[in-house]
Amino acid sequence: MQPSERINRWNRQRIFALASLLAAPLLMAILLLSVGKNPVSIFWAVIVGGFGSSLGLTEAITRMTPIFLCALAVAIPAKAGLYNIGGEGQLHCGAIAATAFVLYVPWLPHFMMIPCIILVAMVGGALWGMIPGFLRARFQVNEILVTLMLNYVAIFVVDHLVHGPWRDPNAFGWPYSAAFPEWAVLPTWGKSNIHLGILLGLGAVGLVYFTLRTTTWGFSLRLIEANPRTAGYVKVNAAKYIVILMAVGGGIAAIAGLGEVSVIQNRLRPGISPGYGYTGFLVAWLARNNPIVIIPVAFLVGGLYSGADVLQLTAGLPASTVDIFLGLAFLTFLAGESIWRSKATVIEEAK
């Protein structure tokens, strides 16, 4: 295939994917009409609420941060052909590890607290991510099932801790841990809840891009993704890369959990995540696991969630309406991909 033909095919595939995504708002409009709602006014309310003011943009970036980090946790292992659906559990493990450090090491000098809880949270998430990585590398256990089940384990551990040993006696019976002290709260942007986690995520994107493009590690990962058998022939230790990538993904998702307990909730409590790990998985897929493309996609989704808050006031619809829209976007995207591949296969066979 000539280079010009490859470029044309690449462009056609991207246009086809974009067209398939545009089917999502059409389907959503049909659903809204079926329940007697005006889709134009609702779409406009969400856009204005999420992106039409400085307050909306600030909230969009705040909502974007955990989604962005969890999407990176999916995209990085995907470089070796792995499916990490455990962002939700790794987020909770980061929150548990950070809270444990704050509760049990309160005597640490204040200036050391922030770097230490970042490190401890990342180690907690990385260890949780290593479990499915090790099982996949050593015993060929499907990482999809393991990461999915570990999500529930981590959430139940949080419930046990805040209902039991970590319950704050001054919380009037609520299942909350003690509040994080001022010196254990991540730095924020002004008076908003935009915290240091967004910068750590952007730094991770730059590091991943540099590693993939300029190092032998990146070359080995591309080889494993393209053809694991060939990677084995040239003595690339795929098992090592699988464990490391899952650990790195878990460590990045853990920063999202740290941000929730440190800045957003200011303590460990049940329900610290409304499903950021799963939304991150959808975002990573929509961005084709490209860390750079994940940034605008996560911002768009964060803005939609920010704008969804006005739906309850203006249209009497629950905020979960945005989840339905994202589900439709994911379905139409996958359907478009499937149709494109089927069409490409038919054309190749005809040649």
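Asn289 is buried, with a relative accessible area of 17%, where buried stands for under 20% relative accessible area, exposed for over 50%, and partly exposed for the range in between, using a 1.4 Å probe and protein chains only. The residue sits in the loop between α11 (276-286) and α12, and although Asn289 is not a glycine, its phi is positive, at about 60°. Helices here are DSSP runs of H or I with at least four residues, strands are runs of E with at least two, and both are numbered from the N terminus.

The model is a predicted one, in which local features need pLDDT of at least 70 and side-chain atom pairs count only at pLDDT 80 or more, while totals for chains, interfaces and linings use all residues. Residues are numbered from 1 along each chain as its sequence is written, and side-chain values use heavy atoms, with hydrogens and water left out.

Gln140 also has a positive phi of about 60° without being a glycine, and its place is in the loop between α5 and α6 (143-163). Is Gln140 buried or exposed? With a relative accessible area of 59%, Gln140 is exposed.

Two packed helices are described by the angle between their axes and the distance between the axes. Helix α5 (residues 110-139) packs against helix α10 (residues 238-264) at an angle of about 140°, and their axes are 6 Å apart; the axes are lines fitted to C-alpha atoms, for helices over the stretch in contact, and angles run from 0 to 180 degrees between N-to-C directions. The contact of α5 with α10 involves, by class, 17 nonpolar, five polar and one charged residues, with Ala, Val, Leu, Ile, Met, Phe, Trp, Tyr, Cys and Pro counted as nonpolar, Asp, Glu, Lys and Arg as charged, and the others, Gly among them, as polar.

Ala73, in helix α3 (residues 54-78), is buried with a relative accessible area of 0%, and its C-alpha atom is separated by 7.9 Å from that of Gly251, 178 residues apart along the chain. Leu32, in helix α1, counts as buried at 4% relative accessibility, yet Leu32 and Tyr209, 177 residues apart in sequence, are 41 Å apart in space, C-alpha to C-alpha.

Helix α1 also contributes to the largest pocket, where it supplies the largest share of the lining, 10 residues. A pocket is an open set of points on a 1 Å grid over the protein atoms alone, where a 1.4 Å probe fits, with protein on both sides within 12 Å along at least five of seven lines, and lining residues have an atom within 4 Å of a point. In all, 31 residues line the largest pocket, and Leu18, Leu21, Leu286, Leu300 and Ala329 lie nearest its centre. By class, the lining has 27 nonpolar, two polar and two charged residues.

The cysteines come last. A disulfide is taken as a pair of cysteine sulfur atoms within 2.5 Å, and by this rule the count comes to zero disulfides. For Cys93, the nearest cysteine sulfur is that of Cys70, 12 Å away, and Cys93 is buried, with a relative accessible area of 9%. Cys116 is likewise in no disulfide, the nearest cysteine sulfur, that of Cys93, being 19 Å away.
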